[in-house]
Structure formats: structure tokens, C-alpha cells
Amino acid sequence: MATDSGDQEVISNKQIIFKDYVPAFLQESDMFFSTSNIKLKVPPATKSVLVKNLYLSCDPYMRNRMRNLQDSYISSFKPGSPITGRGVCKVIDSGHPGFSKGDLVWGMTGWEEYSLITATETLFKIHDRDLPLSYYLGILGMPGLTAYAGFYEICSPKKGEFVFVSAASGAVGQLAGQFAKLAGCYVVGSAGSKDKVDLLKNKFGYDEAFNYKEEPDLDAALKRYFPEGIDIYFENVGGKMLDAVLLNMKLRGRISVCGMISQYNLEQPEGVHNLMQLIPKRIRMEGFLVPDYFHLYPKYVEMVLPYIKQGKVVYIEDVSDGLENAPAALIRLFTGSNIGKQIVKVAYE
């Protein structure tokens, strides 16, 4: 700890730095631990916010930011700079009238101990502190709003419909399935281990679940669980799973495309061969980005908070302790070794 010539406190700031663009499978060596110095005051005459990061979110979309993409909906990470993502933070200093010292917020921040945030429109103030702060990276944050928008807004569920969710034990999938049950639907999920399958049925209330790694024929597996077909598919995986689902969709089925995690580490994405099914079955398949639905966040929180507090919706987190463990935590998403929402705890409030 030191002070600069302007009597502003300067401290060491631990960071996770993005090394360079990654064409194939992500490794820990593609990120490295470093330190820099940071002033604990916002620059004069700016509306920036200086925060202390408490929790960081590991999300599949971050993998695509590690490619040198020119036409993506979100900018690529800059080699040699800290990784950025969503986090829960405490405001240390603020030049913005909407945020004060001591406020708790969630939004886009850096993978570091302290961050100076200029894009304050990405920050949401935390008002309800009765629940774990980490929930604002999951059920009360981007994954929760993603499940809500993808299921309710895009799929327009009706009671009694048949719903399939892939990557069903993940940050979004576990909620999509529970929302489907609350809507009176029959719900089946897929996951990659026996423990995850048990979790889907015994914790999240799925009607059925299966381990896709043990199914040599995904088309046959879906016909076994959906003999009458699928009304709604909440898509998190892509590739072979999407191909099999297309064969099993019902007339006027809806597919909400949240992600395609099976494709993110491939240099050449797999082709999808059964898209012709969209035509005779009049299937509506729609991709979406959660920022398009940020205006619904208050409505979503109003809906989900009572469910959480009444125990009608539950949420599982997988928490890694320490900023230095963030690279390994991120990679867990792509090896399937995480169970639930992957989070990194950086500091205590």
C-alpha cells in the first residue's frame, strides 16, 4: 500500500490477464495471474464507479470472447488485459449520482480485486440482502433472467405441454426446468453424469432425466421420454443434441436458443442436418440475448423472490475460493465438472 503525489491511496491489485486468442480448447495457461497498481479514488469529473469485487461469474459466453471475432454481439477480450465478466461488487468510491460508497451492485466488472467501471449502465444496485450475494450472479442475475425470458417470453408455455431442457443442471437449465414445472408442464432434462441426473429429479423436480453420455442414439432416447413429441425445447447445447431434438418436435413447437456449449471449443462448429424439420412442423426457433430483456428484470425479481423464500425454487452453486483459481473454475464449465452455477469468491464484503 502506498500514496501517490496527489495523496490518493494506491494499492496493489491482483488480476487475471487474458494471454492471447484461443482457437481450440481453452486451457488454464491461456490466462495468467498478475498484479498492477490502482488508485482507490475515481478520476475527477467522471461518472465512474470504483468497486471491490466480491464474487465473479464464470459463464459459457466468455469462451467466445477469447476468439478474434469481428462480427460478434460482444467484443473479444483484449490480449494482455484483465478478463471481464459479471460480478457482485461493493462500491468503494463513486462519481456517479446513482451509486454511493458502500452500495452493493452486480454487473460487468473485471477479473481482479478492484475495478474502475466506466460503463455504469451495466450495473444494478442490490436492495434485498436477505439472500446470498452470490445469487445475483445466478438466480437473481443474468442466468435467472435468461431462463425467465427464454422460457416465458419466447416459448409462451401452456399447462400440460412437454418440455425438454439440455444442460439442465447448469446455471440456466436448472431454473428453466423449475419454471416449466411451475407452469404445469411435463419436464425432462439431460445432463452429463449420474449425480447430475439425480439432482435434476430429486432436487429440481424434473419428471425425468437422462445422462446423454450413456445414450448412443439421442433420437431414440428422446422418443423414449417423449413418445408424443416435444412442445418446447430450451436449447443450451447445440450440435448432435439439437439435431436429435428437431426430429422429435411436435407441430408448432418452440425452441428457445440460449447457448450451444458443445460448439464453443471447436475450431470448426458441427453442422445441423435436420433443419428441414422446421418447415413441415412449423417450428419457431429463436435465439436471444439477455440484455434485450433487462427491462423485464424488476418483473422477474418480483416473480422469483417469493418462490425462493418459500422454497418453491431452489438454486445450486459451485463456488471456487480465491481469484487465483478463477481460470480453473472457468474451464470446469467446458469439462462438465461443475455442478450448478460456477462462481469464484474473491473477497468478503
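**Helix packing and cysteines**

Visitor: At what angle do helix 5 and helix 6 pack, and how far apart are their axes?
Guide: Keep in mind that this is a predicted model. Helix 5 covers residues 218–225 and helix 6 covers residues 239–248. The two pack at an angle of about 45°, and their axes are 9 Å apart.

Visitor: Are helix 5 and helix 6 parallel or oblique to each other?
Guide: Roughly parallel would need an angle under 35 degrees, and roughly perpendicular starts at 65. This pair sits at about 45°. Helix 5 and helix 6 are therefore oblique.

Visitor: Is the crossing of helix 5 and helix 6 left-handed or right-handed, and which residues make the contact?
Guide: Helix 5 passes helix 6 in a right-handed crossing. From helix 6, the contact uses Lys240, Met241, Ala244, Val245, Leu247 and Asn248. Helix 5 brings in Leu218, Asp219, Leu222 and Lys223.

Visitor: How do the residues of that contact divide into nonpolar, polar and charged?
Guide: Leu, Met, Ala and Val count as nonpolar, while Asp and Lys count as charged. For helix 5 with helix 6, that gives six nonpolar, one polar and three charged.

Visitor: How many disulfides are there?
Guide: A pair of cysteine sulfurs has to lie within 2.5 Å to count. By that rule, the count is zero.

Technical notes:
Residues numbered from 1 in each chain as written. Predicted model: local features only at pLDDT ≥ 70, side-chain atom pairs only at ≥ 80, totals over all residues. Heavy atoms only, no water. Axes fitted to C-alpha atoms, helices over the stretch in contact; angles between N-to-C directions. Helix = DSSP H or I, 4+ residues; strand = E, 2+ residues; numbered from the N terminus. Parallel < 35°, antiparallel > 145°, perpendicular 65-115°, else oblique. Left-handed = near helix turned anticlockwise from the far one by under 90°. Contact = heavy atoms within 4.5 Å.
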